[in-house]
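Q: I'm new to this one, could you walk me through it?
A: Gladly, let us look at it together and take your questions one by one.

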Amino acid sequence: MATFSTSFLGCKVSQTDARALRERLLADGHTESETAADVAVVNTCCVTHEAVAKSRKAAARAARRHGRVYVTGCGANLSADAFAGLPENVVVVPRRSEETPAFVAGDVGAIGCVQADAGLDRVRAFVKIQDGCSFSCAFCVIPLVRGGTRSRRAAAVLDEIRRRVGQGHREVVLTGVNLGCFRDRDAGYDLPRLVREVGEVPGLERLRLSSIELNHLTASLIAALRETRVVSPHLHVPLQSGDDGVLRAMARRYLARVEPLEDFNVTSDAIVGFPGEDEAAFRRTLDVVRRAGITKVHVFPYSPRPGTVTAAADTVPAAVKRDRSARLRAASLDACLARWRGKLGGEDIVLVDRPGRGYGDDYSPWLVDGPVGELVHVRAAAVTEEGILAA
Ligand code: SF4
């Protein structure tokens, strides 16, 4: 029997893939250990140059403390070269997410199906419904490393969710690279229908989407989200820019027309310093964030990725990117603080996901005491830059 640890860098899809690896190793009878493990799995990210550098560092660190390190995920698929020169106990696994758990488990060696549910994190279940992307955003390396879009069967998704709820998960997050592309054509499902049926799973208390592209935020999806009792009022919509010219240059499939959705907390991603983004274009991003009532913005200074349309373009100076990143993050913090202050004196139900912390129904962060994995009733007593302080 081997002892192992898993870690991930990057997005919810990377986190979901790392969990799939972890559960496969547990199911094979291996034991999880944060210290002195035989095997480490580092599920990597390649969305920016910095993400690859961090992935490499994480693999190098793991190699000092483990007998063998498996480097999996987007970084491993983009370029094994990024991990060249690491110690010999590092194994780069450039495989699709569907194949990776079986490959790693086969290499580690199965012990037998002895504790299939051992040590599961029972707080929030990330359930993958779709992987890959067939869009071709000019900056994005994801279609190259994860392949074209493909969906799981709706019946398999619903089965997994029933199983997760049975295991004690309170909240399910439907996860994918481009969720709006989910289709089970044979069974007649699209995302709105899936949301409605997941909402009927007995015992499920909360349901979220990990993110949704603006052009997939259709009237039918919004209706499904509003009418499904367990759906949380939070949407992550990765806008990337608020300027139509930049969006066209990015080959995004929408323009910067964002209708405020007052009954949802809307969060987003933005790339600053995309080639051709001038000060006026950047200000339009600030403006759209403000007008659409967006709160948390994950800001990514543009970095060219190999193999993409804009691989050779990087025209905005680093200092300008830093300045715009700081201004957008400051605007985001102001918007978050304003939303959180609006809750003062009010009540919420928080899912405690780490000691001292959790998220409210609309994904606002709370500082709260309570057992990890429990939904606790709270009253907002004060606001800090880290989140809302529970009374
Ligand atoms: S929609 Fe665009 S940014 Fe998102 S994964 Fe697909 S290509 Fe990349």
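A: Before we start, helices here are DSSP runs of at least four residues and strands are runs of at least two, numbered from the N terminus; please also keep in mind that this is a predicted model.

Q: Which residues lie nearest its centre, and how does the lining of the largest cavity divide?
A: Of the 16 residues lining the largest cavity, Asp 17, Arg 95, Arg 96, Ser 97 and Arg 146 lie nearest its centre, while the lining as a whole divides into four nonpolar, six polar and six charged residues.

Q: Switching topic, is Ser 364 buried or exposed?
A: Ser 364 has a relative accessible area of 0%, so it counts as buried, the cut-off being under 20%. Ser 364 lies in the loop between strand E17 (357-359) and strand E18 (365-367).

Q: What does the side chain of Ser 364 join up with?
A: A polar contact of 2.8 Å links the side chain of Ser 364 to that of Asp 362. Further along the sequence, beyond four places, Ser 364 is in contact with residues including Asn 265, Arg 339 and Trp 340.

Q: What about the phi of Tyr 363?
A: Tyr 363, in the loop between E17 and E18, has a positive phi of about 70° although it is not a glycine. Most residues other than glycine have a negative phi.

Notes:
Residues are numbered from 1 along each chain as its sequence is written. This is a predicted model: local features need pLDDT of at least 70, side-chain atom pairs count only at pLDDT 80 or more; totals for chains, interfaces and linings use all residues. Side-chain values use heavy atoms; hydrogens and water are left out. Buried means under 20% relative accessible area, exposed over 50%, partly exposed in between (1.4 Å probe, protein chains only). A polar contact is a pair of N or O atoms within 3.5 Å; within protein, one must be able to donate a hydrogen and the other to accept it, and residues adjacent in sequence count only if both atoms are side-chain atoms. Contact means heavy atoms within 4.5 Å. On a 1 Å grid over the protein atoms alone, a cavity is a set of points where a 1.4 Å probe fits but cannot get out, and a pocket is an open set with protein on both sides within 12 Å along at least five of seven lines; lining residues have an atom within 4 Å of a point. Ala, Val, Leu, Ile, Met, Phe, Trp, Tyr, Cys and Pro count as nonpolar, Asp, Glu, Lys and Arg as charged, and the others, Gly among them, as polar.
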